[in-house]
Structures are given as structure tokens and as C-alpha cells.
Amino acid sequence: MNLNEKYMRMALEEADKALSRGEVPVGAVLVAGNGEVFRDSNRTAEFHLPQSHAECLVINAACKARGDWRLEGCTLYATLEPCVMCAGLILVSRIPQVVYGAWDKRFGAFGSVTDLLEMRHLNHYPEVQGGVLAEESAGMLKEFFRNRRRKMEK
């Protein structure tokens, strides 16, 4: 198992935690250059805050722990392609590498719906790789929304 798969598996564990709490099952892991690892999952329903996406939570935790808003030398792993909000935070915090699992055909901001990396004049462009353990990530999301629709139909 390569490093991308190792950390994506951790992100999938976080997504499973979100699922058990009734949240949309998205997990994120941020790995700092010194090996420190920050993990979390979606908590929008729990915190009643729309910005409580897994990516935002791990970025905020890493910034606080490091005492710096710049996260140079870090890699962010997310089970779902970051949305515009999360992608914007990734750009602002200078994360150099992003790895995600499933593509987000509704809100994806790194190629699926839009691609923030096509914006001209940014001072930071991370390397982005999608599709790592995509089937597992997408499967968890599909099952969550299938079950949600079933409950709504009853």
C-alpha cells in the first residue's frame, strides 16, 4: 500500500465516523511535513455550521497546532473532491498537495464542476490528484444518500 492509499484509508475511517453520526460521510486527513496527522470528518449537522466540512476542520486544527495559517509542506487527503469553500481554504492556506477519492459532480472545485486551479493570477497552485480509492469513497456516499431517500419516501 502506497502513502496515498494509507492516508486515504484513514480518511475513509473518518468518513465512516461521520456516517455513524448521521452526517454526510466525508473524511479528511492532513499530514504535515513533520509527520503530524490531523483527522476529522464532516460535522455540519453536529455543529449546526455549514463550514464544518472535514477539510475545513483539519485545516483549522493544523493551523492552530502549528500557530500559522500557512500549511506549506502538508498534504491534504479527502474522500470527496473539495467544494468551492474547501478548495478556497486550501488555496489560501498554501497546502501544496491535495489527494481526494471520489469526484463530486455537484460541488467539486478541482475539475468536476469547476476548477479553481484555472483561475489566473493566483499565487499558489497545489498539485491535485483525484481518484484514490474512489470506488470506496463513492460507494459510502451513494449508500448514505440511498438510505436517506428511502427514509424520506416512508
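Me: What classes of residue line the largest pocket?
Reply: The lining has twelve nonpolar, four polar and eight charged residues. Ala, Val, Leu, Ile, Met, Phe, Trp, Tyr, Cys and Pro count as nonpolar, Asp, Glu, Lys and Arg as charged, and the others, Gly among them, as polar. This is a predicted model: local features need pLDDT of at least 70, side-chain atom pairs need 80 or more, and totals for chains, interfaces and linings use all residues. Residues are numbered from 1 along each chain as its sequence is written, and side-chain values use heavy atoms, without hydrogens or water.

Me: Which residues lie nearest the centre of that pocket?
Reply: Val24, Leu80, Asp104, Leu141 and Phe145, out of 24 lining residues. A pocket is an open set of points on a 1 Å grid over the protein atoms alone, where a 1.4 Å probe fits, with protein on both sides within 12 Å along at least five of seven lines; lining residues have an atom within 4 Å of a point.

Me: Which element gives the largest share of the lining?
Reply: H5, with five residues. Helix H2 (44–47) also gives two or more. Helices (H or I, at least four residues) and strands (E, at least two) are DSSP runs, numbered from the N terminus.

Me: What does H5 pack with?
Reply: Helix H1 (residues 3–20) packs with helix H5 (residues 134–153) at about 5 degrees, axes 11 Å apart. H1 and H5 are therefore roughly parallel, a label for angles under 35 degrees. Axes are lines fitted to C-alpha atoms over the stretch in contact, and angles run from 0 to 180 degrees between N-to-C directions.

Me: Who makes the contact on H5?
Reply: Glu136, Ser137, Met140 and Phe144. On H1, Arg9 and Leu12 are among the partners. Contact means heavy atoms within 4.5 Å.

Me: New topic. What order do the sheet strands take?
Reply: S2-S1-S3-S4-S5, in an open sheet with mixed pairing. Strands pair if DSSP finds at least two bridges between them. S2 (37–41) and S5 (127–129) each have a single partner, so one side of each lacks a neighbour in the sheet.

Me: How do S1 and S3 run?
Reply: Antiparallel, joined by four bridges. Val29 stands opposite Tyr77 in S3.

Methods: Parallel < 35°, antiparallel > 145°, perpendicular 65-115°, else oblique.
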